[in-house]
Amino acid sequence: MIDLQALTQAVGDLDEKTIITMIEDFVATNPSGEEAQKIVFACQQGMGIVGELFEKNEYYVGDLIFAGELLSKTIDLLKPVLNDVATEKVGSIVIGTVQGDLHDIGKNIFGSMAEAAGFDVYELGVDVSPSAFVEKVKEVKPQIVGMSGVLTLAIDSMKETVKAITEAGLRDSVKIIIGGNPVNEDACKQIGADAFTTNAAEGLKTCQGWVS
Amino acid sequence: MNYHTVVFQPGDVLLEVPEGKTLKEAMNDAGLEFDFPCGGRGTCGKCRVRISKGLAAPIPREQEIIQAQELDEGIRLACLTTVVNDLLVELPNKNQLKHNILITSEARSFQIAPHLQKLYLEIEKPSREAHSSDWHRIKDSLIKQGYKERELESEVSIFRKMPDVLREADNCVTAVMYGSEVVGIEPLDSRNTLLGMAFDIGTTTIVGYLLDLSSGEELNVVSALNPQTAFGADVISRLTFASHEESGLNKLHNAVIEAINKLIAEAIQKTSIAREQIYGISIAANTCMHHIFLGINPQSIAVSPYVPALSEPLVLDASDLKIDINQAGKVFVLPNIAGFVGADTVAVLLSTELDQSKDIKLVIDIGTNGEIALGSREKIVACSAAAGPAFEGAQISSGMRGAVGAMDHVYYRDRLEYSVIGGGKPLGVCGSALLDTVAGLVELGILNKRGKILAPDQLTNPVAQRFKENLIEYEGQVAFLLAKENETGHGRPIMITQSDIRELQMAKGAMAAGVRVLLDAYGIVVQDIQEVLLAGAFGNYLNPHSACVIGLIPPELESKIKMIGNAAGTGAKLALLSANEYGRARDIAEDVKFVELGSYPRFNSIFGECTYFKVP
């Protein structure tokens, strides 16, 4: 049987080789969905370690990007044995880089961390128009909308997006968090968002606070 | 409205400032040049001044950025200080405004082929028998020189002056020709004066070269800080200013035109040259500066899909842009390649002749936006890497530009040593010193692969032990001390903090990822590169070894690095002196294949890998 603690530690260490070998060996034993679910949980805890190390300044952006990719790789490997298992989600969140901006590193890191933390993440990609945000919110009724951008001009797009969500009568049904280099308290107020962050781990904590 | 007297020292510059304006606005209005790296938004804390009379209590933002002791000493931020009474303001350093501006560069051979030509004409005198018009007789003379009658043209401003000139000079005139267009008629033989100025308009500095268009001789070089700096240090803050501030675009446009006119005046000062003898200027600028120079809103460059309003080469009348040269003068604007790869890059490529190179070369112009081109005569690929302003000292705790007082190089010898631009006590670190410092930390094993500064007891390299004392904790952060309080010009310690290293990791990661993507797009490996050409000020001052150690440039290429100076300026000169080279610039701009990093597959993970350091 797979050593879950060792797996958690390997994810925390970003030890790709060990993780992939462990998961591949595990999948080869043709495990049940419930067992696979435990593996996912162990990986999520490993991501927690990554987040802590980032906060302690041990890890940096490169590590977060790598961790995110590692996590999607493991989920892909586990997919065949995970099917049909109803997973319990802690909440749902729609994220995207706002119109006019293509920068998505921070958003992707946040997305994979949120996913690891058990959120249902609906990823809209980059250069997302206000109406695309509104459509997705109507469709999946998330608890949270996350908007990201790096350019100072992204602030305008964020404002437009909040306006569109409000005009569609959806503002009261969602919490809105903005992330990226140009955001700060002033921008947050001006945009009409509920929270802001320049740090994916911190943003995730805010979101977890909202759904707990 | 209430006015207050504000005196700036040194220099005793006295201003009457309306109540409620900020010091920054007052300084801008008065044309006092001063650095506002964040554009005056109160985020960078770099525009410190000391208020020695009329000091008011600090606002909360200032309390966050400035230490209590300094606040007590009267240190405030010029961008946040509102004038409500009379003030005596001391600027931190009288040399603050002097910058190291790069003006030299590699020369290459080329054929002079003037855009404009002067022809001496002895026009047939009118008489009762030969009574054709002045213009007709001028055309007759030109036809004798080979011009075709139906192609010759001119305009009303020339016609207005024509009769007087002809009669004053007894029908002996010099025609200034631009193709078949008569753009000037001057009395007598003025063929020996045909001058021009080539301009390289950078985000930070503007350099102008006064040239004899007939001989190619460089008569003078002048430079100035780009006065738009007052409205924001980097391209993005200018873009924001242009589209968000009231008449922001106009302010920026007027500032650059005024600066160019001032530089023209400076270039001909102390010479016998008159403005009227300058007939052409050429402009090489990044896309944003290019648009602002033309008075075009650059907003579309800033937002996806990052399309410039205009990328074609342009020939304009100097008078339309209020450029103060001969009325007939022309402005030759070099073409852009794409949103963030502008005419300055075209000029660099033109000067390096990458389009004719047998060998594959990597050309890097490091700035806030690093432009990178890779190619040979087969093909050229180029990209723009958003390095951020770290290399220019912004967003670095002790950072400053490469001005007087900046540490420019750091050496790990028996003890830590450094050099300071202009000598004297240091005021901060500029990009090249930041590189040296971090490269040393990597080589000594003081930094790990992830960029974390290790604790003194984790150091294994014996040489690193010498610098244990430099590892300090400052305001809750680990830092590497470069100069103690008593060794600096302002009494604050100079250091590189953990956050500074993080900024550098992002900047060098973006540049290195750009190189990796271009190699991939070109379909070669790093060993196929024969030469690395570093253009621009930062590229010229940095220590290539340091750049390779931190991974800004692939370490395999260290022995192939060559500094080429202000190649953009060289390109601007070539384009002004030769119509052929100007045409070649058009071809380069059209042929270079632009690679958008943001949408390149796997860019994020490549970037992530490139933020790491390669430790020994």
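**Exercise 1.** Work out how many residues of chain A are in contact with chain B, and which elements they come from.

*Solution.* Start with the count: 20 residues of chain A are in contact with 21 residues of chain B, where contact means C-beta atoms, placed from the backbone, within 7 Å. Next, the elements: α4 (61-82) and α5 (105-116) of chain A each give two or more residues to this side. Helices here are DSSP runs (H or I, at least four residues), strands likewise (E, at least two), numbered from the N terminus. The largest share, 6 residues, comes from α4(A). Finally, sort the chain A side by type: 9 nonpolar, 6 polar and 5 charged. Nonpolar covers Ala, Val, Leu, Ile, Met, Phe, Trp, Tyr, Cys and Pro; charged covers Asp, Glu, Lys and Arg; the others, Gly among them, are polar.

A quick word on the model: it's predicted, so local features need pLDDT of at least 70 and side-chain atom pairs 80 or more, while totals for chains, interfaces and linings use all residues. Residues are numbered from 1 along each chain as its sequence is written, with chains lettered from A and ligands numbered from 1 in the order written.

**Exercise 2.** Find the strands that pair with β16(B), and decide whether its faces are buried or exposed.

*Solution.* First, β15 (residues 361-365) of chain B pairs antiparallel with β16(B) over 5 bridges; pairing takes at least two DSSP bridges. There, B:Leu362 has B:Leu374 as its bridge partner. Then β17 (residues 380-386) of chain B pairs antiparallel with β16(B) over 7 bridges, with B:Ile372 opposite B:Cys383. β16(B) and β17(B) form a hairpin with 4 residues between them. Last, the faces: B:Asn369, B:Glu371, B:Ala373 and B:Gly375 on one side, and B:Gly370, B:Ile372 and B:Leu374 on the other, are all buried (20 or more other C-beta atoms within 10 Å; exposed is 12 or fewer, partly exposed in between).

Note on methods. Contact = placed C-beta atoms within 7 Å.
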